[in-house]
Amino acid sequence: MRIHAIQTGTVKIKNAQVEGRGHGLRRQLALYTDGNWTEWLPTYTWAIEHPEGVIIVDTGQGVHLLETSRSYHPFLRWEVVFQIESEEEIGPQLRALGIGPRDVKKVVLTHLHMDHDGGLAHFQNSEILVSSDELRTASGWAGRVRGYLPNRWPSWFDPAPLDLTAEPFGPFARSRRVTQAGDIVAVATPGHTANHVSILVQEGDTTFVLAGDTSYNEALMLGGKVDGVSSNERVSKATLDAIKNFTRSRPTVYLPTHDPQSGNRLANRRLVSMTDHAASQAA
Ligand SMILES: [Zn+2]
């Protein structure tokens, strides 16, 4: 098994989105009044070369995101900026790794935000797995009002349901195997979106957490800092605590989509350490 980090361009958002300010509606509105932008953050996707076939986790940004500044949606128009060239989309980067469209057995999406489903067009030949509830939330006009871009899904997009069962996996209440071998498992990590999932890849005694947007970086997860867009702060905090407990219970490499360190962390198999835990307590 081999995991590749594939960076599909970069994104800038407001600091108040990365780390929520205040509570309740105030937290969710804070990013609209924050004048401070993050640096350019990477948008990672993951390609897992597995004996059962290549599995892709999230599809990253697409060049259509360069048009969001003309959107009527206030978040898209004012609160996010993307950078990507067409050769940075996931399809061309997979081909450069020697992985063709027909080699990809499954595509699993952590959630349907536009920087995670933006490369779907490259996977017409693959089984695509998405939470049914996330799909419902993202679909139609209601989905567009919520800031999703269902109008950018390929016409053939009809994902298989990634519906988790009440089988706990460590501290995560719901889970489902993604591989027959059981070494890749989807777990419920609600918060950033209500039906967000993360993908756990187990190799030897190490677990790689392909964490989507559970947090924007590792320090925020360890610090239990809820972002500015999660609808339910309590649920989000419980997910961050579950991930933190998981990283205490076994050797874990934590890989959020937009963490500038995720690429290096994967390459060096850098574990979340007890020193990291102690530092987050002191902060
Ligand atoms: Zn997201």
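Figure 1. Along the chain, the donors of the zinc ion follow the pattern H-x1-H-x78-H-x20-D. His111 lies in the loop between strand 5 and strand 6 (127–130), and His192 in the loop between strand 9 (184–188) and strand 10 (197–203), so the pair ties together parts that are 81 residues apart in sequence. The model is predicted: local features need pLDDT of at least 70 and side-chain atom pairs count only at pLDDT 80 or more, while totals for chains, interfaces and linings use all residues. Residues are numbered from 1 along each chain as its sequence is written, and side-chain values use heavy atoms, with hydrogens and water left out. The protein donors are His111 (NE2), His113 (ND1), His192 (NE2) and Asp213 (OD), lying 2.2 Å from the zinc ion. Donors are N, O and S atoms within 2.8 Å of the metal (3.2 Å for Na, K and Ca); water is not among the atoms, so sites may look incomplete. The angles among the 4 donor atoms run from 88 to 175 degrees, and the site is irregular. Four donors count as tetrahedral if all angles lie between 85 and 135 degrees; four count as square planar and six as octahedral if opposite donors are over 155 degrees apart and all others between 65 and 115; anything else is irregular. His111 is buried, with a relative accessible area of 0%, and His192 is buried at 7%. Buried means under 20% relative accessible area, exposed over 50%, and partly exposed in between (1.4 Å probe, protein chains only).

Figure 2. An open sheet of 7 strands has the order 4-1-2-3-5-6-7, with mixed pairing. Strand 4 and strand 7 (160–161) stand at the edges with a single partner strand each, so one side of each is left without a neighbour in the sheet. Two strands pair if DSSP finds at least two bridges between them. Strands (E, at least two residues) and helices (H or I, at least four) are DSSP runs, numbered from the N terminus. Strand 1 and strand 4 run antiparallel and are joined by 4 bridges; Val11 stands opposite Phe82 in strand 4.

**Figure 3. Strand 5 and its two partners.** Strand 3 (residues 53–57) pairs with strand 5 (residues 104–108) in the parallel sense over 4 bridges. Ile56 stands opposite Val107, and Val57 stands opposite Val108. Strand 5 also pairs with strand 6 in the parallel sense, over 3 bridges, with Val108 opposite Leu129.

**Figure 4. The largest pocket.** The volume of the largest pocket is about 620 Å³. Its lining comprises 31 residues, of which Phe75, His113, Arg146, His192 and Val229 lie nearest the centre. One of the residues named here, His113, is also a donor of the zinc ion. Helix 2 gives the most to the lining, with 3 residues. By class the lining divides into 13 nonpolar, 14 polar and 4 charged residues. Ala, Val, Leu, Ile, Met, Phe, Trp, Tyr, Cys and Pro count as nonpolar, Asp, Glu, Lys and Arg as charged, and the others, Gly among them, as polar.

Figure 5. A search of the whole structure finds 1 cavity of 30 Å³ or more, and about 60 Å³ of space lies in the largest cavity. Among the residues lining this cavity are His192, Asp213, Asp227 and Leu240. On a 1 Å grid over the protein atoms alone, a cavity is a set of points where a 1.4 Å probe fits but cannot get out, and a pocket is an open set with protein on both sides within 12 Å along at least five of seven lines; lining residues have an atom within 4 Å of a point. Grid points are joined across faces, edges and corners, and a volume is the space filled by probe spheres set on the points.
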